[in-house]
Amino acid sequence: MKCNPSGNHRGRHYGRLVAAMSQKQRSLMMRGMGTFAAVLVVLLALGTFYDYPLAQAIYTPDNTLVIFFSSLGLLAMAYPALLLLGVLAQRSLASQKTSLLRIAGAILCVVLALLFGALVTKAVLSIRDGFGGMFGVEPPETLRLGIGAVIGAGLCAMGFHAGKANDAKDLARNVLMVVVALLASYALIEIVKSSMARPRPRLLFAGYEGIEFCPWYQRYSGAEGFMGAYGIEKDAFKSFPSGHSAQAAALLTAFYGLSFVYPQLRKKLGLVLVIQIIFALVVMSCRMILGAHFLSDVSMGALVSVITFLILMASCNARA
């Protein structure tokens, strides 16, 4: 049903977010994230030399509070992205493309929302690195995937409705840039994880014969052999870089995307910048305490998201 200009669901033209923001606000976000990136580089350098002794010194598994805050890291980027995919689905159907392209674009956005929601929620409810660890109980994999698909569908529907209420000319392009940035950083983290195959600290502390420490800049060899010999799950060899840290550090990017859809959020971006830095550092610390990652893992994971945001902002500013 189309919005009625004289009715309660009248669309409003919001214009470009970047143009609407003051130079002071744009400068604040760029400087703030640039400073955070510098801190992460220092932490990465520190981890290069002290990864193992630091991980060993703070290792405290099965801490309920730490598991809780660690699990929150998966939520900051993933679920806002599902809503943004709903906006793109609505914009695709409302575009001037051919019927086939409009429908195909909308279906693609919905499928991505269902798939991404299922995969993230599966991890969120897991017993090893999610909320399931708080209770020592992990729902069946099919149930976790199903719950995630439902969440993805719900947030996608919310985004679809929000897209109908916002007739900003550049909404689709701006939201698409943010979604591509979020999904690209997520995909990059997962690809590097599988490629590097670095053993997690807790795996090293378990005392398996032959499994030794490997620095973050070297690809670990022999992972498949150890998995077969000891029955170790593949996830145990995905330490570098940290996905939880990357998603926690993507909070501002996700919020930035939401502010295109809900312009009232624009004034909160400075506050979100501060919250993100604190939130990311907490999640990074928790991942290390649980023995899931080394300092270099969490530093690089967060750094990927921060650099992604800086590139995104630079691109948006160039079009302003």
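The model is predicted, so local features need pLDDT of at least 70 and side-chain atom pairs count only at pLDDT 80 or more, while totals for chains, interfaces and linings use all residues. Residues are numbered from 1 along each chain as its sequence is written, and side-chain values use heavy atoms, with hydrogens and water left out.

**Helix packing**

- Two packed helices are described by the angle between their axes and the distance between the axes.
- Helix α12 (residues 251–261) packs against helix α13 (residues 269–289) at an angle of about 155 degrees, and their axes are 9 Å apart.
- That makes α12 roughly antiparallel to α13, a term used for angles over 145 degrees.
- In this contact (heavy atoms within 4.5 Å), Leu251, Leu252, Thr253, Phe255, Tyr256 and Ser259 of α12 meet Leu269, Val272, Leu273, Ile275, Gln276 and Phe279 of α13.
- Helix α3 (residues 64–72) also packs with α13, at an angle of about 125 degrees and with the axes 8 Å apart.
- The helices α3 and α13 are therefore oblique to each other, which is the class left for angles that are not under 35 degrees (roughly parallel), over 145 (roughly antiparallel) or 65 to 115 (roughly perpendicular).
- Val66, Phe69, Ser70 and Leu72 of α3 make this contact with Phe279, Val282, Val283, Cys286, Arg287 and Ile289 of α13.

**Aromatic rings**

- The whole structure holds 14 aromatic pairs, where a pair means rings of Phe, Tyr or Trp (its six-membered ring) with centres within 6.5 Å.
- The ring centres of Tyr52 and Phe205 are 5.7 Å apart and the planes stand at 70 degrees, so the pair is edge-to-face (planes over 60 degrees apart; under 30 is stacked and the rest are tilted).
- This pair links distant parts of the chain, since Tyr52 lies in helix α2 (residues 23–58) and Phe205 in helix α9 (residues 201–205), 153 residues apart.
- Tyr52 counts as partly exposed at 27% relative accessibility, and Phe205 is partly exposed with a relative accessible area of 22% (buried is under 20%, exposed over 50% and partly exposed in between, with a 1.4 Å probe and protein chains only).
- Phe68 and Phe131 form a tilted pair, 5.9 Å centre to centre with 55 degrees between the planes.
- Tyr52, Tyr59, Phe205, Phe213 and Phe294 form one aromatic cluster.

**Ile151**

- Ile151 is placed in helix α7 (residues 141–164) and touches Tyr79, Leu82 and Thr121, not counting residues up to four places away in sequence.
- Ile151 counts as partly exposed at 27% relative accessibility.

How values were computed
Axes are lines fitted to C-alpha atoms, for helices over the stretch in contact, and angles run from 0 to 180 degrees between N-to-C directions. Helices (H or I, at least four residues) and strands (E, at least two) are DSSP runs, numbered from the N terminus.
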